[in-house]
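Have a look at the model first.

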Amino acid sequence: MDKVKLLLVCGSPRPKARSATYAGLMAAMEGAQSIDGVEVELVELFGRKIAPCIHCNKCLRDDSDRCTVFHDDMDELYDKFFQADGIIIGCPVYDMNVTAQLAQFYSRFRSSWKLSVDNTSFFQYKVGAGIVVGGTRNGGQEAVLRSIHNLFSTHGINICSCGGGIYGGAMLWNPGDGSTTMDDPIGIDNCRTLGRKVAQVAKALKAGHEMV
Ligand SMILES: Cc1cc2nc3c(=O)[nH]c(=O)nc-3n(C[C@H](O)[C@H](O)[C@H](O)COP(=O)(O)O)c2cc1C
């Protein structure tokens, strides 16, 4: 079997040195890399130029699986997303919602459902999970996790829950104004556990896909 590819996306607008979300994703990467045959790539939305969808429908008229109007940093992210066997999206909570950067990223997948229309199994053997960080203990982490799951649902990507006290995904608490280093060892450990599970599920689905 070819290597299992995991894509990790960090939706923070801050660079990795200052992002608690990035720290959570790094722990997930560590967990995922403990599984043989898995390669992981972590990309940041920080610093990337991603225009929001303007609903012009050109992608649909062009019968394209991606936006054909804006050529920006989404160009390479589409291929990474489509080629991944597993995807973990990490995002800070902003006003009990996702960041503008992640919302713009989501919006650019408008015509990607076309891939599963042309080939019903395109997304069906992929798995997705979420990691969320809020500055308040109960600041909207579950709402943001739900939003991440919704992106996966629109494509028919299987959502990976985690059970064992982690439930729908890793939800972290970074108290204060976000200018200090996050101290949430349980949350970080949950990210590691989630990363390992996503890798195991992605590997099992990829093997299963080859048998069908
Ligand atoms: C504009 C803005 C809105 C925020 N809204 C919330 C919120 O609704 N709930 C919450 O728990 N934290 C909120 N926070 C705090 C961030 O979620 C927290 O600092 C987080 O660690 C930032 O992620 P990062 O370190 O990966 O950039 C907000 C921060 C900003 C800048």
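## Ligand site and a helix pair

A polar backbone atom of Gly135 sits 2.9 Å from a nitrogen atom of the ligand. Keep in mind that this is a predicted model.

| Residue | Protein atom | Ligand atom | Distance |
|---|---|---|---|
| Ser19 | polar side-chain atom | oxygen | 2.7 Å |
| Gly139 | backbone N or O atom | nitrogen | 2.8 Å |
| Gly135 | polar backbone atom | nitrogen | 2.9 Å |

Now for the helices. Two packed helices are described by the angle between their axes and the distance between the axes. Helix H1 covers residues 20–33 and helix H7 covers residues 185–211; their axes come within 6 Å and cross at roughly 45 degrees. That angle makes H1 oblique to H7. As for handedness, H1 passes H7 in a right-handed crossing.

Which residues do the touching? On the H1 side they are Ala23, Gly24, Ala27, Ala28, Glu30, Gly31 and Ala32, and these meet Ile188, Cys191, Arg192, Gly195, Arg196 and Ala199 in H7.

Key
Residues numbered from 1 in each chain as written. Predicted model: local features only at pLDDT ≥ 70, side-chain atom pairs only at ≥ 80, totals over all residues. Heavy atoms only, no water. Axes fitted to C-alpha atoms, helices over the stretch in contact; angles between N-to-C directions. Helix = DSSP H or I, 4+ residues; strand = E, 2+ residues; numbered from the N terminus. Parallel < 35°, antiparallel > 145°, perpendicular 65-115°, else oblique. Left-handed = near helix turned anticlockwise from the far one by under 90°. Contact = heavy atoms within 4.5 Å. Polar contact = N/O pair within 3.5 Å; in protein donor to acceptor, adjacent residues only side chain to side chain.
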